[in-house]
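Work through the exercises below with the sequence and the model side by side. Try each task before reading its solution.

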Amino acid sequence: MNKGLKGIVAADTAISHIDGENGQLVYRGYEIRSLTQRCTFEETAYLLWYGEFPNAEQLGILKDRMSNERVLQENIRQIIDLLPPSMDMMSVIRTAISAEGGNSDYSWKPTLPQAIRLTSLVPTIIAYRKRKLEGKTSVPPRMDLDHVENYLYMLDGHLPLAAHVEALETYMILTLEHGMNASTFSARVTASTESDIVSAVTSAIGTMKGPLHGGAPSGVIDLLNEIASVGDPEGVLRDKLTRGEKLMGFGHRVYKTHDPRAISLKTKLLELGGKDEWLDLAMKVEETAVKLLAEIKPGRSLYTNVEFYAAAIMKAINMEAELFTPTFTASRMVGWTAHILEQAKNNAIYRPQSNYIGEIK
């Protein structure tokens with residue numbers, strides 16, 4: 001038995017490839033570092049959905065479609081308004097997207113226009129809910145802004161700095177897709193029953209909500225804040241490791257060397273602003289933690305993962321910790337829908353076996 005299906009191949013895919021031993025992540029044949037250096041969010045989303053890069057006309061059409069699909073229907077706004085203030089943002093996204101599925105336009109088989117619609121909606125849901133809780137007027141989406149810039153605009157009500165857009169866009173490109181992870185698997189399982197695309201992504205959102213999957217950047221912020229308050233990186237980290245605590249932002253189930261996404265984020269941070277106090281702290285913690293992990297856990301090859309520098313990105317653009325996983329969800333919607341579409345092309349229902357360990361009386 002392979003507990004948790006670890007190591008079990010569940011599907012053929014042309015969407016992405018992860019080489020954990022060599023620290024490589026590939027989208028449709030292209031290494032992730034090359035994509036973050038030359039592509040926008042929309043170009044990379046097009047690549048994942050269509051399997052090729054768009055020409056200028058195709059990119060323009062995609063941007064227009066995404067812009068036109070950003071507006072929340074009145075019934076979804078009313079549902080969000082009725083949700084209790086104590087409800088967390090991931091549950092709000094799950095509920096709002098599920099309500100979108102009440103539209104008869106969603107049925108088997110899933111389509112690209114449906115994928116574009118769902119991807120376009122999530123930032124608007126997040127921004128609408130955030131401003132509602134703050135007692136502020138909602139900011140309607142602007143059709144002339146690209147996906148990431150519009151997201152930041154709706155959150156704060158003013159045009160974001162170009163550097164902030166570039167930083168967040170890099171993060172969102174890096175988190176668009178990551179193979180057969182837990183949420184992607186749950187999306188494909190639901191789609192394999194010939195359920196609709198909304199049901200499939202709702203399954204994925206529920207999976208992403210779990211702290212073992214989508215909550216790590218918040219833990220990194222807590223770690224960095226603790227170290228900043230104490231002022232002794234080595235002392236805090238050594239104490240945690242000797243007590244057997246997990247260092248948030250270090251190590252990955254797949255990557256046995258440097259996480260290529262963390263490298264790209266670190267490079268982008270250095271490009272955009274030079275060193276500031278927060279980045280200095282993050283880099284010092286990385287250097288110290290890697291050294292201590294090699295000392296205390298030799299042979300484990302534990303390095304920073306994408307969540308570590310994602311936390312630094314979020315801090316740099318002043319994004320609240322409660323928006324980390326929702327923002328991750330906003331980007332991963334592209335990967336989920338790409339997998340749902342791929343599943344539908346050559347569908348077979350998932351039906352693994354279980355090993356009964358109870359009694360027969």
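This is a predicted model: local features need pLDDT of at least 70, side-chain atom pairs count only at pLDDT 80 or more; totals for chains, interfaces and linings use all residues.

**Exercise 1.** What span should helix 5 have at 1.5 Å a residue, and how far apart are its end C-alpha atoms? Which residue caps its N-terminal end?

*Solution.* Step 1: the expected span of a helix is 1.5 Å times one less than its number of residues.

Step 1: helix 5 covers residues 89–100, and its 12 residues should span 16 Å. The end C-alpha atoms are 16 Å apart, which agrees with that value.

Step 2: a polar contact is a pair of N or O atoms within 3.5 Å; within protein, one must be able to donate a hydrogen and the other to accept it, and residues adjacent in sequence count only if both atoms are side-chain atoms. D88 caps the N-terminal end, with a side-chain oxygen 3.2 Å from the backbone nitrogen of M90.

**Exercise 2.** At roughly what angle do the axes of helix 9 and helix 17 cross, and which residues meet there?

*Solution.* Step 1: axes are lines fitted to C-alpha atoms, for helices over the stretch in contact, and angles run from 0 to 180 degrees between N-to-C directions. The axes of helix 9 (residues 182–192) and helix 17 (residues 324–345) come within 9 Å and cross at roughly 35°.

Step 1: from helix 9, the residues are S183, T184, A187, R188, A191 and S192; from helix 17, they are R332, W336, H339, I340, E342 and Q343.

Step 2: sort them. Ala, Val, Leu, Ile, Met, Phe, Trp, Tyr, Cys and Pro count as nonpolar, Asp, Glu, Lys and Arg as charged, and the others, Gly among them, as polar. The contact divides into 4 nonpolar, 5 polar and 3 charged residues.

**Exercise 3.** Which residues does T207 touch, not counting residues up to four places away in sequence?

*Solution.* Step 1: T207 is placed in helix 10. Its relative accessible area is 25%, so T207 is partly exposed.

Step 1: T207 touches A182, S183, S186 and H213. The C-alpha atoms of T207 and S183 are 5.1 Å apart, although 24 residues separate them along the chain.

Step 2: the side chain of T207 also reaches the backbone oxygen of S203, at 2.9 Å.

Step 3: look from the other side. S186 is in helix 9 and is buried because its relative accessibility is 14%. Beyond its neighbours within four places in sequence, S186 is in contact with S203, A204 and T207.

**Exercise 4.** Is T337 buried or exposed, and with which residues is T337 in contact, leaving aside its neighbours within four places in sequence?

*Solution.* Step 1: T337 belongs to helix 17. Its relative accessibility is 0%, so T337 counts as buried.

Step 1: with those neighbours left aside, the contacts of T337 are W49, A115, T119, I197 and V201.

**Exercise 5.** Which peptide bond is cis, with omega near 5°?

*Solution.* Step 1: the bond runs from W108 to K109.

Step 1: locate it. K109 is in the loop between helix 5 and helix 6.

Notes
Residues are numbered from 1 along each chain as its sequence is written. Side-chain values use heavy atoms; hydrogens and water are left out. Helices (H or I, at least four residues) and strands (E, at least two) are DSSP runs, numbered from the N terminus. Contact means heavy atoms within 4.5 Å. Buried means under 20% relative accessible area, exposed over 50%, partly exposed in between (1.4 Å probe, protein chains only).
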